[in-house]
Amino acid sequence: MSRIRRSEKPIRLVFVEIILPALIAANLLAGVLFFVVMPQLEDALMEERRGLISELTQTVVSLVAEYAKKVTRGELHTGEAMAQAREAVRHLRYGPEGKDYFWITDSSPRMIMHPYLPNLEGQDLKQFTDGNGNRLFVDMTRKALDQGRGYADYLWQWKDDASRVTPKLSYVELFKPWDWVIGTGVYVDDVRDEVRGLTRRLALICLGITVVIVAILAFITVRSLRIARQREHFALGLKQSRERYKTLLESTTEGVMLVFSDKLGRQHISYANQTLQRLLGYSLHELSALEFDQLFAHAAPDESNDVESDDETDDINLGFSYFNDFVAGFDTPGQFEAVLVAKDGSPVDAALICSRMETPEGVSGVSVIVKDMRQHKELAERFEAGRRRFDFLAGVAAVGVFRASAGRKGRFLEANDEAARLLGLENADDVIALEMDSLLVPVVRTGSIVNSILSQGDTVEMRVKTPQLDVAGEASSTRSRERIVNLMATVVRDARGFPMYIDGILQDVTRKVQAETAMKQLVAELQSAGEYLTQPIASLARPAPLLSPNASMQHAAKAMEDSRASAVLVGTAGGIEGIVTERDIAIQGAAVDWEPSVSLSRIMNTPVLEIAPTAMAAEALVALRNNAVHHLVVTQTVSDDDQAPRIVEAGELLSKQTDSVSMLLWRLRHADTVDDVVQARAALPLLVQTMVENGADPRLASRIFATVSDAVAHKLTELAVQRLGPPPGNFCFFSMGSQGRLEQTLKTDQDNALVWEDSVPSEAAAYFESLGGMVCDDLHDAGYALCTGGIMAKNAQWRGPLSSWKKQFSAWVYDADPEALLRTKIFFDFRATYGDARLIEAFSTHLDSMLDGKAVFFNLLAKNCLLTRPPLGFFGQFLRESTGEHANAFNIKKAMTPIVDFARIYALKHRIRSANTMQRLKGIHEAGALNTQDYNEIADAYTTLMGLRLTHQARAMRQGLTPNNFIDPAVLTNLERTMLKEIFRQVGALQKKLGLDFTGLM
């Protein structure tokens, strides 16, 4: 009975302290979720739907108002405008199935338009009731007339299914100019179905959590009961223990036995601890029943008279003989080795330590400590085998091999000749007894190298310096022979874990380190030159005198001398007409017999090549080379206080462009064939990869990539024109997307198009068809993949005269379709690559005029932008691809898209012409639409994401893989994951601002 009660007590204790509180907590959690959270969630969803139908109806009212404005402007008659507005609203759909709709009544009420019940159109709705007898249209009209808008509950058919009637919540708003009541509604069952779905999923989650909790409780219960019972058992055993000495013997790690002699002088084992029982495989009862001499191995004499066999026989019998002599009282050592026999007959090499003892009753006996020597012998054999391998490797290896003591000084015990050579000595004998700290100095760490090795674990790898020593071990005064050596050291420990030796391998890496240092220096120079080439050209321009066209050459020469300029600009405050350089005065002045009074209008060069002040120095170099001129005029002044015109001189820029980027641009400029361009451009990915891997600013790397891509496109277009012959008129080949934004990465494709002036005859379209196909195919050969969406100049849809492009842009703005916007929003990131840039400027001017006051367009564009969310879940986890080649990874390009979209829509709103995302953000900040803190945070976030994207792609290239945009969060550090999550939260806040500013939604 006492055993049953002891078993029941821990069960009750575990149930009361563990199981019952856990079950109560689980039930409380389920109750809160299903009876508090879910009803509140249903109310929140219903409130969200109320807000949604209100916003959608207001959008439709805005659409109808646009048609009313056309009547005001005289573009349409009232009847025509009403008819067109009615048909436009009739075809509007929304919702997940695209079946939710809008209807229109007048204040009578009379049905004006209903897309699913056309038979009601024109009918009086005063007596129209739902299934509950409510005159729904009368109620809705009254709310619209009294309040201007309102909500109504009633029963209505399910969308286009007349056989199904369900509760519906509608919102109506009065359009007073036409006496129209416009409304739409949401089915209550939709919300309830969504809540039921959430409830089912929550129930499954709760069930799963319950199963896990039950499993954990079961595990805890079993473990707790087992521990409780073991505790009771041990407590009972301790209380019943009569001898503290036995407890001590049971706790030892060595075998212990007590041997007593009977009246006949035979030895018997009265006690053996558990260690000895496990060692020999006997139980205590079995050991007590044995004759003591049965524990020892006995070898019968070998009748073959083999000497070696006789020695082995003597060794085996010697242990038992020593024990008998010790018991008999002879003067024999109390410690000796013997061979014992286990229960299964296997021999056990052991060391016996014997001590005489006497019980309180006066009985004499012997206590024997038994040490298992098998492991020690195995370690000795392994040590000897390792020593033999060490000796062999030390003699033949091409690297230095040594062994040193693990003491404070770390004296060398052994070394091969290669180790001696690396340590600056002549042979291995010179190394012995020298200290490691005198021969090896850590390159990075300071202090004792022995302490560094012992403090870092059993295996250490580090780089060390080995100064040249003389034979006596003193440091040589000649430092030129100092080597950098890679040291791999292993600490050899004894059975107790104490360090015994330090075994090491030395390998000369001096040349490798020198190569790495040279590479870092080269990259630093490359980055420095790259930073110079990405400076705004306005910071490199210098003032130039501005003279009247009637001024004389003598006046110009004097102005150049006074201002130390190499050219003067010719014109007035209203505009620059030409430029006169020192070379012009020397050459063209000679042609007119050097008449000092000759006016500048006779010798000036026209037209003047201009460049924007925000352009990079690298872009200026490309412009100078492509146009074979020596000066560029900066189109705007540097500051409001400095109104003097400025110029950029080719000689000054060219004197500083000795880096790889400039050489690459020079090769592209002087390429004669497509193959030359392909070969030159092949160096670009490696160049950008090297910059990224060595810490270059990601904005610099991507901009250099885009600048070189511009040069490639320019040269390939130029070569195509040479093959096809002179074009039939002015045209422009322009880039879009990431190249248009100067934000290309190592994973890029083509996005380009063609435009030509309207005066070009229609039959010339064949010329531009050939040109577009030729350039796109050549770009593909040069490493720019064809666009999977077909947005390229080789496709007819993306080339045409200026008027057709204006018409296309007008269609995107006036008849904004969400799906079309998704495909074509990269067209708002355009930039001229080759040809007449004035055609692109015409795009920008036309776009600005169209976007003025187009709230509907910005509303739809903003909603389109909000479709792409940062890849961060509700609980802060990364949202990854679930299937396919890149499962468990997220697309960092899509993660950056919300920032690009944000910058684009605000740039269009505030007429910021730049296509670059960072410049757009800066312009938005300067326009007051983005405060300083938000600007700094989102700019840093975009730079960080671009750096992570380029680093990921560079790492793929280094591993021989094709660069992509998919990053597995598992390969990121904890710091990188934390930083990414914070950035994605910032992007989410940015999208809330965009939604609030353009759609009224948070």
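**Strands and helices, with reasons**

Guide: Val491 has Ile502 as its bridge partner in S16. Do keep in mind that this is a predicted model.

Visitor: What makes S15 and S16 a pair?

Guide: Two strands pair if there are at least two bridges between them. S15 and S16 are joined by 9 bridges, so by that cut-off they pair. The two strands run antiparallel, and they form a hairpin with 5 residues between them. In the turn, Gly497 has a positive phi of about 90°.

Visitor: Which other strand is joined to S16?

Guide: Strand S11 (residues 400–405) is joined to S16 (residues 499–508) by 6 bridges, and these strands run antiparallel. Phe402, for instance, has Gly504 as its bridge partner in S16.

Visitor: Why is Thr490 called partly exposed?

Guide: Thr490 has a relative accessible area of 34%. Buried means under 20% and exposed means over 50%, with partly exposed in between, so Thr490 is partly exposed. Thr490 lies in strand S15 (residues 483–493). Thr490 and Arg403 are 87 residues apart in sequence, and their C-alpha atoms are 9.6 Å apart in space.

Visitor: Why are H20 and H21 called roughly antiparallel?

Guide: Helix H20 (residues 683–693) and helix H21 (residues 698–724) pack at an angle of about 170°, their axes 10 Å apart. Angles over 145 degrees count as roughly antiparallel, so H20 and H21 are roughly antiparallel to each other. The contact involves Leu684, Val688, Met691 and Val692 of H20, along with residues of H21 including Phe705 and Ser709.

Technical notes
Residues are numbered from 1 along each chain as its sequence is written. This is a predicted model: local features need pLDDT of at least 70, side-chain atom pairs count only at pLDDT 80 or more; totals for chains, interfaces and linings use all residues. Side-chain values use heavy atoms; hydrogens and water are left out. Axes are lines fitted to C-alpha atoms, for helices over the stretch in contact, and angles run from 0 to 180 degrees between N-to-C directions. Helices (H or I, at least four residues) and strands (E, at least two) are DSSP runs, numbered from the N terminus. Angles under 35 degrees count as roughly parallel, over 145 as roughly antiparallel, 65 to 115 as roughly perpendicular and the rest as oblique. Contact means heavy atoms within 4.5 Å. Buried means under 20% relative accessible area, exposed over 50%, partly exposed in between (1.4 Å probe, protein chains only).
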